[in-house]
Amino acid sequence: MSRSAHPAGPRHADVMTEGHYTAPPADLNALDEKVWSRTVARDEHGTVTVGGIEVTRLAEEFGTPAYILDESDFRARCRAWADAFGRDADVFYAGKAFLSRAVVRWLKEEGLNLDVCSGGELTCALDAGMPAERIAFHGNNKTVEEIERAVTVGVGRIVLDSFQEIARVAHVAQRLGKRQRVQIRVTVGVEAHTHEFIATAHEDQKFGIALADGQAAEAVRRALTLDGLDLIGIHSHIGSQIFDMAGFEVSARRVVQLLAEVRDEHGVELPEIDLGGGLGIAYTSADDPREPHEIAKALGDIVTRECEAAGLATPRISVEPGRAIVGPTAFTLYEVGTIKPLEGLRTYVSVDGGMSDNIRTALYDAEYSVALVSRTSDAEPMLVRVVGKHCESGDIVVKDAFLPSDLAPGDLIAVPATGAYCRSMASNYNHALRPPVVAVRDGEARVVVRRETEEDLLRLDVG
């Protein structure tokens with residue numbers, strides 16, 4: 001690797017970032033276990049390994065950028081969620097976070113169900129062998145073709161998102177001679193403490209049917225009276241990257257109130273309640289996510305307490321972790337290209353990827369960590385902004401972080417906690433080739449989603 005010298009950027013003990021002072025970590029070579037997958041470590045040479053494999057070897061064999069997915073960690077997190085909720089609840093992995101046929105097989109083997117929100121995700125799930133009855137189908141604007149396929153194959157539930165969709169699914173089910181299990185997604189008016197674009201339970205957004213003005217109650221009436229539908233429960237999702245359980249408490253209370261109204265009006269106690277997902281993960285050392293068993297106990301206690309107060313039997317609970325499972329299990333491996341110090345500000349470190357493989361920083365103002373992984377360094381820290389190679393000034397991967405001041409072109413750096421939404425939302429901006437997903441486990445590595453080629457880019461271009 002090249003070690004050419006270059007003028008370093010700021011090396012202050014404390015650096016002003018985004019209006020507040022940030023101190024560099026005591027040890028730039030340390031790897032915070034909160035943000036890295038469980039098999040990540042440094043070997044005796046200072047190289048980071050995952051699943052027992054050096055990142056330098058992964059870069060040589062698979063190239064960069066690449067998403068490196070810790071299969072052992074993924075499976076362990078699946079088991080932790082399944083064990084935490086037990087046989088009396090259902091855990092649906094939210095496929096939108098990241099989905100591939102390998103992931104579907106892992107989910108099936110570890111006992112989790114799967115939540116999909118498009119025809120493409122449904123195709124992937126079925127092709128990889130997930131039983132249709134273990135699939136939930138979401139989406140705010142499902143096409144008739146998607147609904148027909150979901151009903152035909154017998155998905156376990158369709159989550160109804162609008163009055164039009166209630167009628168649409170009922171019509172399709174009647175025409176096919178089926179009775180489709182459904183839930184109604186309601187917006188409960190809870191403002192989760194998250195970015196505006198990923199808060200999903202307030203009324204002014206596209207998802208669900210509002211509790212306000214009796215709309216959700218009317219949706220229940222229609223679903224209960226239309227042939228072809230078997231209404232099994234209510235669904236609520238309050239947002240994403242949430243650490244505070246208070247929002248779930250308010251949401252559960254309002255959903256249970258609706259269940260009580262349904263009982264009083266229709267004499268029916270709906271047997272299920274889905275509280276969605278959205279539980280946060282650690283992107284930086286400042287984040288403090290909850291463990292699955294803590295989440296399971298908190299949600300179970302909340303629902304039980306509210307149902308007892310309303311005189312209802314406790315319904316079966318479903319949850320939909322996606323990011324909370326896959327997010328921490330992967331990191332993105334990059335090679336450093338150019339290094340551009342701006343005196344008195346920061347040093348810009350450009351990598352061979354960017355917003356095409358991780359749009360979240362540009363889209364959500366997301367924060368990430370970063371580390372030098374091909375070697376260790378005793379050099380003093382410098383404040384950096386890790387940026388991509390795309391023609392956008394907003395092409396930022398990590399806004400503010402510290403890396404060693406002897407960082408050089410050719411070094412490998414890695415951004416942890418990129419398992420969720422990075423590959424799923426990847427693009428071909430500037431005709432970039434989307435990176436591969438490389439699964440590692442017990443000293444072996446294999447491609448589960450291959451790197452795109454230039455032939456792939458041109459295949460759909462009919463000229």
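In the predicted model, strand S16 (residues 330-342) is joined to strand S21 (residues 412-416) by five bridges, and the two strands run antiparallel. Within this pairing, tyrosine 334 stands opposite isoleucine 413 in S21. Strand S16 also takes part in an antiparallel pairing with strand S6 (residues 66-70), to which it is joined by four bridges, and here threonine 332 in S16 is the residue that stands opposite tyrosine 67. A further antiparallel pairing, over five bridges, links S16 to strand S17 (residues 346-351), with valine 336 having valine 351 as its bridge partner in S17. The strands S16 and S17 form a hairpin in which three residues lie between them, and glycine 344, in the turn, has a positive phi of about 80 degrees.

A separate set of strands forms an open sheet of three, in the order S3-S4-S5 and with antiparallel pairing. Its edge strands are S3 (41-42) and S5 (53-54), each of which pairs on one side only. Strand S4 (residues 48-50) pairs with S5 in the antiparallel sense over two bridges, and threonine 49 has glutamate 54 as its bridge partner in S5.

As a whole, the protein has twelve helices and 23 strands. Its radius of gyration is 24 Å, close to the 23 Å that the globule rule gives for 463 residues, so the protein is as compact as a globular protein of that length. The C-alpha trace spans about 75 × 50 × 40 Å along its principal axes, and buried residues account for 56% of the 463 residues. Of the contacts between residues at least 6 apart in sequence, 71% join residues that are at least 24 apart.

Among the helices, H8 (residues 246-266) and H9 (residues 292-310) have axes that come within 9 Å and cross at roughly 35 degrees, in a right-handed crossing. On the H8 side the contact is made by Phe248, Glu249, Ala252, Arg253, Val256, Ala260 and Arg263, which meet Leu299, Ile302, Val303, Arg305, Glu306, Cys307 and Ala310 in H9. The residues of this contact divide into nine nonpolar, no polar and five charged.

In helix H4 (residues 119-127), the buried residues are Gly119, Glu121, Leu122, Cys124 and Ala125. Just after H4, glycine 129 takes a positive phi of about 95 degrees.

Positive phi values are also found in residues other than glycine. Aspartate 213, placed in the loop between strand S12 (209-210) and helix H7 (215-225), has a phi near 60 degrees, and its relative accessibility of 77% means that aspartate 213 counts as exposed. Glutamine 241, which is found in the loop between strand S13 (229-235) and H8, likewise has a positive phi, of about 55 degrees, although it is not a glycine. At 13% relative accessibility, however, glutamine 241 counts as buried.

A further buried loop residue is tyrosine 368, which has a relative accessibility of 4% and is placed between helix H11 (360-364) and strand S18 (371-372). When its neighbours within four places in sequence are left aside, tyrosine 368 is in contact with Tyr283, Thr284, Asn358, Arg360, Thr361, Val397, Val398, Val415, Pro416, Ala417, Thr418 and Cys422. Of these, Val415 and Pro416 fall within the residue range of S21 (412-416), the strand that is joined to S16 by five bridges. Tyrosine 368 and tyrosine 429, by comparison, are 61 residues apart in sequence and lie 21 Å apart in space, C-alpha to C-alpha.

Key: Residues numbered from 1 in each chain as written. Predicted model: local features only at pLDDT ≥ 70, side-chain atom pairs only at ≥ 80, totals over all residues. Heavy atoms only, no water. Axes fitted to C-alpha atoms, helices over the stretch in contact; angles between N-to-C directions. Left-handed = near helix turned anticlockwise from the far one by under 90°. Contact = heavy atoms within 4.5 Å. Nonpolar A, V, L, I, M, F, W, Y, C, P; charged D, E, K, R; others polar. Pairing = 2+ DSSP bridges. Rg over C-alpha atoms; globule rule 2.2 N^0.38 Å. Buried < 20%, exposed > 50% of the residue type's maximum accessible area, 1.4 Å probe, protein only.
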